[in-house]
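Please keep the sequence and the 3D view side by side as you read.

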Amino acid sequence: MDYEIVIGLEVHIQLLTKSKMFCGCSSDYASTPPNTHVCPVCLAMPGVLPVMNEKAIECTVMTALALNCTIPEYTKFDRKNYFYPDLMKGYQISQYDAPIGKRGWLTIDSNGNKKRVNITRVHLEEDTAKLLHRGDYSLIDVNRSGVPLMEVVSEPEMSSPEEARDYLIRLHNILRYLGVSTANMDEGSFRCDANISIRPVASKELLPKVEVKNMNSFKAIYQALKYEAERQGQVLDEGGELVQETRGWIEEKGMTVTQRTKEYAEDYRYFPEPDLPPLVLERSWIEEIRAGLPELPEARRDRFMTQYGLSLYDASILTGSRTMADYFEDCVRLTGPGKAKMASNWLLGDFSRLLNASNTEIENARISPKDLADMLHLVDNGAISGPTAKAVLEEMFQTGKGASDIIGEKKLSQISNAGEIKEVVKQVMADNAGPVDDYTSGKQQALTFLIGQVMKATRGRANPGVVREIIMQELGGK
Ligand SMILES: [Zn+2]
């Protein structure tokens with residue numbers, strides 16, 4: 001039987017605020033010893049009162065606007081009641097029926113097909129403490145308790161694991177452009193739960209959905225969803241029945257396993273948080289935030305195409321991260337827009353290869369945009385040849401030295417002086433009588449061989465154009 005896949009995604013994002021959501025403790029929970037960023041509020045002592053973090057609300061409004069949501073004037077916080085050792089108060093302050101952002105969308109580009117995925121809501125809540133399981137006992141670190149946590153919930157509108165991955169990459173990219181979160185998946189500041197169900201093609205019937213958790217990379221999410229779609233299809237094909245449940249992705253085994261089944265929706269007994277006033281968002285403030293939004297990835301990609309004449313493919317990769325796009329523009333500001341294509345080629349080619357091979361983020365690279373611009377200038381004015389430039393770039397990457405210094409130290413500058421090249425050409429021709437005869441009797445590939453010999457003799461420093469010209473002159477005159 002053929003099935004269609006229905007996927008909806010819930011993403012939790014830790015916000016980059018200095019303090020926690022409802023108290024003044026530092027929200028930098030990961031880099032400090034356990035239980036050092038705590039106070040009576042985030043430890044949930046009796047009698048304490050929460051105070052809202054304005055910056056967290058601003059970050060949530062920014063995200064909601066970037067995701068084309070409506071921002072209602074009236075929103076509020078609600079209590080979500082449940083018991084778990086990492087939840088200090090026995091309830092989480094969250095948002096229920098009046099989230100900060102409603103009914104938005106983002107567009108994805110899966111295999112060249114543009115698709116709009118609707119976003120149900122963007123709301124704000126607080127993170128829980130962190131449990132560390134150690135064999136037969138567990139430890140608790142309260143530093144994370146109360147860190148601002150934003151949740152972005154999509155409509156169940158993605159119809160393949162590829163689309164789900166593309167949605168997440170786009171959302172991740174937008175968050176980084178906004179600067180509202182580090183969105184580091186391996187540190188848990190961008191966490192995704194996926195709801196997936198399948199149904200026979202063209203059927204309107206809704207089969208029980210499975211919530212998949214524990215995935216901490218785009219690749220893991222893709223693999224977990226692919227596995228889960230196949231597993232569900234197999235259960236139905238074998239005449240089995242699917243149950244609504246939560247399953248965890250086991251990376252090492254490449255499979256999902258049952259964590260808990262829930263036949264009925266959990267009852268969190270939501271009610272309005274009595275310790276906080278309703279949140280009324282002034283229109284003028286919202287408009288101020290809207291006006292201050294940075295240029296977002298799609299708009300920047302389109303601008304790169306028109307302003308710098310880049311292809312859709314190149315512009316998409318360059319704007320795939322804000323730091324890469326900023327780096328590119330910083331460099332082009334120095335080289336002039338005429339070298340934009342050249343800058344893009346070097347960035348996406350050799351530079352990216354060096355970054356990937358050493359697992360370095362571009363913001364930590366030892367080559368500054370100015371260094372790269374200087375190097376491009378040297379290539380462009382013929383001071384160094386293309387092959388030499390590759391070696392120079394690698395050296396710049398390893399040592400942090402400037403291109404001119406490396407060229408000076410290693411005597412790598414390109415030889416364009418005709419007299420100097422002529423000497424080498426004469427020597428090569430004397431040493432290669434056979435190929436010279438071949439060329440004069442009409443074998444074109446002999447010319448390529450001779451140019452190669454001259455390049456070899458000059459360790460790649462000779463200007464290939466000049467070499468070609470001189471060999472032709474010499475042979476023509478023979
Ligand atoms: Zn606190």
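Along the sequence, the residues that donate to the zinc ion follow the spacing C-x1-C-x13-C-x2-C. Keep in mind that this is a predicted model, and that the values below are computed from it.

**The zinc site**

- The zinc ion is coordinated through the SG atoms of Cys23, Cys25, Cys39 and Cys42, at 2.3 to 2.4 Å.
- The arrangement is tetrahedral because the four donor atoms around the zinc ion subtend angles of 101 to 116°, and the ideal angle for four tetrahedral donors is 109.5 degrees.
- Cys23 and Cys39 both lie in the loop between strand E1 (3-14) and helix H1 (54-66), so this pair ties together parts that are 16 residues apart in sequence.
- Cys23 is buried, and Cys39 is buried as well.

**Helix H3**

- Helix H3, which covers residues 218-237, has 20 residues and reaches 29 Å from its first C-alpha to its last, close to the 28 Å expected at 1.5 Å a residue.
- Among the buried residues of H3 are Phe218, Ile221, Tyr222, Leu225, Glu228 and Arg231.
- The elements that cover the buried residues of H3 include strand E1, helix H2 (161-178), strand E10 (190-200), strand E11 (210-215), strand E12 (245-250) and strand E13 (255-261).
- After H3 comes Gly239, whose phi is positive, near 80°.

**Thr335**

- Thr335 has its place in helix H7, which spans residues 322-335.
- With a relative accessible area of 15%, Thr335 counts as buried, because buried means under 20%.
- Leaving aside residues up to four places away in sequence, Thr335 touches Ala373 and Leu376.

**Cavity and pocket**

- The structure holds one cavity of 30 Å³ or more, and about 50 Å³ of space lies in the largest cavity.
- The lining of the largest cavity includes Cys42, which is also one of the residues that coordinate the zinc ion, together with others such as Leu87, Tyr91, Asp127 and Ser145.
- The second largest pocket has a volume of about 1600 Å³ and is lined by 41 residues, of which Ile169, Phe218, Ile317, Gly320 and Ser321 lie nearest its centre.
- Two or more residues of that pocket's lining come from each of strand E5 (101-110), H2, helix H5 (297-308), helix H6 (312-318), H7 and helix H8 (340-357).
- H2 gives the most to the lining of the second largest pocket, with seven residues.

Key
Residues are numbered from 1 along each chain as its sequence is written. This is a predicted model: local features need pLDDT of at least 70, side-chain atom pairs count only at pLDDT 80 or more; totals for chains, interfaces and linings use all residues. Side-chain values use heavy atoms; hydrogens and water are left out. Donors are N, O and S atoms within 2.8 Å of the metal (3.2 Å for Na, K and Ca); water is not among the atoms, so sites may look incomplete. Four donors count as tetrahedral if all angles lie between 85 and 135 degrees; four count as square planar and six as octahedral if opposite donors are over 155 degrees apart and all others between 65 and 115; anything else is irregular. Helices (H or I, at least four residues) and strands (E, at least two) are DSSP runs, numbered from the N terminus. Buried means under 20% relative accessible area, exposed over 50%, partly exposed in between (1.4 Å probe, protein chains only). The expected span of a helix is 1.5 Å times one less than its number of residues. Contact means heavy atoms within 4.5 Å. On a 1 Å grid over the protein atoms alone, a cavity is a set of points where a 1.4 Å probe fits but cannot get out, and a pocket is an open set with protein on both sides within 12 Å along at least five of seven lines; lining residues have an atom within 4 Å of a point. Grid points are joined across faces, edges and corners, and a volume is the space filled by probe spheres set on the points.
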